[in-house]
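Work through the exercises below with the sequence and the structure open. Try each task before reading its solution.

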Amino acid sequence: MGFLGLGVMGRPIALNLARAGTDLLVWNRSPAAAEALRAAGAAVAGGVTDLFARSDIVLMMLADDRVADEVLGRDTAAFAGLIAGRTLVQMGTTSPAWSRGLAEQVRDAGGWYVEAPVSGSRVPAETAQLVVMMAGRDQDLDRVAPVLRPMCREIVRCGPVPNGLLMKLSVNTFLISMVTGLAEAFHFAGCHDLDRATLLDALDAGPMASPVSRLKGRKLLDRDFTAQASIRDVLYNNHLIVEAAEAAGIPSPLLDICLELYAETSAAGHAGEDMAAVIRALEARTTP
């Protein structure tokens, strides 16, 4: 099985697969990232063509659709030869329309296509606690699901492409709204001179507590914005949600506001920080 993309999410996912004994062949645009996989027992491909030639199933966790198009060579004659007879599993977050187009192109080239975006950030990826949202033909999902088991807690079947990505964007609508609301709660409490450690205790003891609220609440309390899900990535996801809502003719008032706040945080130089750092935009908007 091949694996393309060993970034913040791809690397721990691939490591869990390799440690589970998967016969794994990996490739990354920055070769140094593959060394940890080599140490875990994976083989390292000489390039994308080499990886596809030696793999029946290829998992792809790349930064965005632009990078995926470039890596796959979608606008070249070589694409069909790369894909024919193979199953491409798209795990990254992209627009649903882009994924639908790629699925059609893969099918026309004689391959098979599965969406498998994940819910969870770096820590769940490291601990194999991700939730995978699969979409595609039933027979393709039956073939791919077993190989994904070592890197996740749950696999949810969502129907045909692009329902996996639409489900991921639905989940992220709640996640982004929740974390932004949590940041606003901490900002509100601080502006009223409340003890924010006590706020966190109250939240943790109440019915709204969750692993996300506990994790992000602690980050807000400690001002520890080491990235698990970065402002940059959340802003990208937020754009995808708003664009998908507009394309469907539905309102997205909460995510419209969140988009402004994450864009302001990024523009202020905090794109690489954790999404909890969105509190910085609220602080910047506050009159001294």
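## Exercise 1: Two domains

The protein chain is divided into domain 1 (2-159) and domain 2 (166-285); these bounds come from an automatic or database domain assignment. The model is predicted: local features need pLDDT of at least 70, side-chain atom pairs count only at pLDDT 80 or more, and totals for chains, interfaces and linings use all residues. Residues are numbered from 1 along each chain as its sequence is written, and side-chain values use heavy atoms, with hydrogens and water left out.

Task: describe how domain 1 and domain 2 meet.

Solution. 

Step 1. Start with the distance: the C-alpha centres of the two domains lie 28 Å apart.

Step 2. Count the contacts, meaning heavy atoms within 4.5 Å. On this count, 15 residues of domain 1 are in contact with 11 residues of domain 2.

Step 3. Take the buried area, which is the accessible area (1.4 Å probe) that two parts lose on being put together, summed over both. Domain 1 and domain 2 bury about 1,100 Å² between them, with 66% of it on carbon and sulfur atoms.

Step 4. Look for salt bridges (a side-chain nitrogen of Lys or Arg within 4 Å of a carboxyl oxygen of Asp or Glu). Between domain 1 and domain 2 the count is 0.

Step 5. Look for polar contacts. Such a contact is a pair of N or O atoms within 3.5 Å; within protein, one must be able to donate a hydrogen and the other to accept it, and residues adjacent in sequence count only if both atoms are side-chain atoms. There are 3 residue pairs in polar contact between the domains, both residues at pLDDT 80 or more.

Step 6. Find the elements on the domain 1 side. β7 (118-119) and α7 (122-126) each supply at least two residues of the side that touches domain 2. Helices (H or I, at least four residues) and strands (E, at least two) are DSSP runs, numbered from the N terminus.

## Exercise 2: Two sheets

Task: give the strand order of the open sheet of 6 strands, then of the open sheet of 3 strands.

Solution. 

Step 1. Two strands pair if DSSP finds at least two bridges between them.

Step 2. The sheet of 6 strands has the order β3-β2-β1-β4-β5-β6, with parallel pairing. Its edge strands, β3 (43-44) and β6 (112-115), each pair on one side only.

Step 3. The bridge partner of G2 in β2 is L25.

Step 4. The sheet of 3 strands has the order β7-β8-β9 and mixed pairing. Its edge strands are β7 and β9 (152-157).

Step 5. β8 (residues 130-134) pairs with β9 in the parallel sense over 5 bridges. In β9, C152 is the bridge partner of L130.

## Exercise 3: Local features

Task: which residue meets R66 in a salt bridge, and where does P162 lie?

Solution. 

Step 1. The structure holds 16 salt bridges. In one of them the side chain of R66 meets that of E70 (3.9 Å, N to O). Both residues lie in helix α4 (residues 65-72), 4 residues apart, about one turn of the helix.

Step 2. P162 lies in the loop between β9 and α9 (163-191). The peptide bond from V161 to P162 is cis, with omega near 10 degrees.
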